[in-house]
Amino acid sequence: MEAVIEQYCKKLKIGKVFYQDYKKIKADSHEAFLLELLKREYENREIVRKNRLLRSAAFDVIKTFENYTYDKVHIPADITVEEITSATLVGKKENLILYGPTGTGKSHMATAIGVEACKQGKKVRFFRTAALVNQLTDAKARGELRRFLKQLEKIDLLICDEWGYIPFEKDGAQLLFQVISECYEKRSVIVTTNIEFSRWNGIFYDEKMIAAIIDRLIHHSHLLVFEGPSRRLTDSPINSQ
Ligand SMILES: Nc1ncnc2c1ncn2[C@@H]1O[C@H](COP(=O)(O)OP(=O)(O)OP(=O)(O)O)[C@@H](O)[C@H]1O
Ligand SMILES: [Mg+2]
């Protein structure tokens with residue numbers, strides 16, 4: 001009988017938990033048994049779904065807000081730490097710009113927000129901006145740009161890390177502009193950068209395009225300014241000797 005139960009579960013695409021756990025359930029009624037079994041199956045599916053979301057987000061490394069300190073981050077009046085850590089901006093289609101020198105925790109925060117959004121069932125995609133631009137130009141060269149853009153349209157939060165660290169080709173800048181324009185008021189974007197707005201002309205060639213991209217990014221956005229020395233240096237064992 002057990003083997004048949006397993007077979008039916010497989011045909012119905014019901015997970016392992018269902019046919020492995022039912023024997024462990026102690027219940028006083030049919031309803032209580034069924035309820036517990038369904039609850040376990042549901043919880044398992046949620047875990048699987050969240051893990052899938054975390055994988056497809058393609059974070060560089062997984063980071064969370066556990067042990068994250070805010071003393072070197074200037075949080076503007078229009079957002080609270082609680083709102084940042086609970087990734088509420090994603091539901092509201094707001095943007096975040098994380099600006100500051102190297103090693104101050106911008107990528108960490110962007111990733112931790114993305115991880116939290118995944119936990120809430122949101123679709124996230126993390127890119128180093130240069131890699132996104134490369135993928136866009138490659139997709140265009142292969143005639144697959146539309147398909148690539150369609151994939152990006154499915155996400156709730158786009159993270160563009162290291163914005164402007166490497167200058168793009170003119171074509172690439174135009175494609176990135178296209179992506180940001182498409183996101184405008186439809187999904188959230190988080191940008192991490194160490195380049196102030198006035199120096200973005202070094203990244204984008206066309207001044208009108210720079211103005212248009214900044215305009216779209218900063219509308220419905222919060223600017224967090226990071227400061228201080230690089231955590232990579234202060235946290236280094238060399239420094240604590
Ligand atoms: N406020 C913080 N609390 C805890 N850990 C931190 C904090 N800020 C940075 N770190 C840690 O310091 C290291 C550097 O941080 P991170 O990579 O986020 O810097 P960054 O601002 O993105 O730098 P870059 O501009 O060079 O990309 C990481 O290992 C990160 O986890
Ligand atoms: Mg970084």
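Analyst: Arginine 40 counts as partly exposed, because it has 18 C-beta neighbours inside 10 Å (20 or more other C-beta atoms within 10 Å make a residue buried, 12 or fewer exposed, and partly exposed lies in between; C-beta atoms are placed from the backbone). The model is predicted: local features need pLDDT of at least 70, side-chain atom pairs count only at pLDDT 80 or more, and totals for chains, interfaces and linings use all residues. Residues are numbered from 1 along each chain as its sequence is written, while chains are lettered from A and ligands numbered from 1 in the order in which they are written.

Arginine 40 sits in helix α3, residues 30–57 (helices are DSSP runs of H or I with at least four residues, numbered from the N terminus). Leaving aside residues up to four places away in sequence, arginine 40 touches Val17 and Asp21; contact here means C-beta atoms, placed from the backbone, within 7 Å. Proline 167 is 127 residues from arginine 40 in sequence and 50 Å from it in space, C-alpha to C-alpha.

The helix that holds arginine 40, α3, packs with α6 at an angle of about 145 degrees, the axes being 8 Å apart (axes are lines fitted to C-alpha atoms over the stretch in contact, and angles run from 0 to 180 degrees between N-to-C directions). The crossing of α3 past α6 is right-handed, that is, the near helix is turned clockwise from the far one by less than a right angle. On the α3 side the contact uses Lys50, Leu53, Leu54 and Ala57, and on the α6 side Gly114, Val115, Cys118 and Lys119. By class these are five nonpolar, one polar and two charged residues; Ala, Val, Leu, Ile, Met, Phe, Trp, Tyr, Cys and Pro count as nonpolar, Asp, Glu, Lys and Arg as charged, and the others, Gly among them, as polar.

Three residues of the shell around ligand 1 come from α6, the largest share. Both α6 (106–119) and α11 (231–234) supply at least two residues of that shell. In total 16 residues surround ligand 1, and the closest are Thr102, Gly105, Ser107, His108 and Arg231; a residue is near if its C-beta atom, placed from the backbone, lies within 6 Å. The shell divides into one nonpolar, 10 polar and five charged residues.

Terms used. Contact = placed C-beta atoms within 7 Å.
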